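Dear colleague,

I am handing over the structure that you asked about, and below it I have written out what was found. Please keep it open while you read, so that you can look up each residue as it comes.

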Amino acid sequence: MKFMLLHLVLYEKRMISDELRKLYVAVDQSPASVIITDTKGNIEYVNPKFTTLTGYTFNEVYGKNPRILKGEDKPSEFYREMWGTIESGKEWHGEFHNKKKNGETYWELAAITPIRDSNGVITNFLAVKEDITVIRSTQEKLQKINEELASKNDAMKKELHYAQKVQ
């Protein structure tokens with residue numbers, strides 16, 4: 001009987017270990033940047049995609065706040081709202097205009113959610129972020145083209161109206 005219990009416990013440990021390994025590999029190989037911080041915002045983990053995108057290594061960001069990436073365009077109220085949301089236990093979604101280690105800027109679409117322990121206490125925050133720089137750039141180009149077309153359309157309407165009066 002003891003042998004069967006021991007065998008069952010070892011089997012369960014191996015299954016849990018296998019599941020943890022799969023989860024680690026999935027996060028580590030994710031095409032999205034993953035950051036885990038403590039409740040004060042100090043970085044405890046970043047995946048390789050984060051390093052590839054930002055140029056910062058894990059050792060350079062460990063213990064630091066993600067504000068090292070902060071661009072200049074967001075008011076402090078934006079960050080107060082974000083922290084208020086996640087500290088209250090809710091998930092937050094939004095965009096960041098951040099800076100890489102080399103000073104280049106980029107856009108990210110982020111989801112930040114609290115991680116809770118078995119008692120429901122928030123112990124960490126998880127940020128999953130997608131680089132949307134190309135999407136934002138394309139949107140800006142399309143907006144400029146639309147504005148130019150609208151302007152040309154208005155000019156053509158005026159010319160047509162003038163031509164009709166002349167006729």
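Helices (H or I, at least four residues) and strands (E, at least two) are taken here as DSSP runs and are numbered from the N terminus. With that in hand, the protein has five helices and five strands, and along the sequence they follow the pattern α-β-β-α-α-α-β-β-β-α.

Please bear in mind that this is a predicted model, in which local features need pLDDT of at least 70 and side-chain atom pairs count only at pLDDT 80 or more, while totals for chains, interfaces and linings use all residues. Residues are numbered from 1 along each chain as its sequence is written, and side-chain values use heavy atoms, with hydrogens and water left out.

On the overall shape, the C-alpha trace of the protein spans about 105 × 35 × 30 Å along its principal axes. The radius of gyration, taken over C-alpha atoms, is to be set against a globule rule of 2.2 Å times the number of residues to the power 0.38; the protein has 25 Å, whereas a compact globule of 167 residues would have a value near 15 Å.

Strand E3 (residues 92-99) deserves a careful look. In a regular strand the side chains alternate between the two faces of the sheet. Two strands count as paired if DSSP finds at least two bridges between them, and eight bridges join E3 to strand E4 (residues 105-116), the two running antiparallel. Glu95, for instance, has Leu109 of E4 as its bridge partner. The two strands form a hairpin with five residues between them, and Gly103 in the turn has a positive phi of about 95°.

Which residues of strand E1 might you turn to next? Ser33 lies in E1 (residues 33-38) and is buried, with a relative accessible area of 1%. Counting as contact any heavy atoms within 4.5 Å, and leaving aside neighbours within four places in sequence, Ser33 is in contact with residues including Asn47, Phe50, Glu108 and Val128. Ile36, also placed in E1, is partly exposed at 23% relative accessible area. Ile36 and Ala127 are 91 residues apart in sequence, yet 6.4 Å apart in space, C-alpha to C-alpha.

Note on methods:
Buried < 20%, exposed > 50% of the residue type's maximum accessible area, 1.4 Å probe, protein only.
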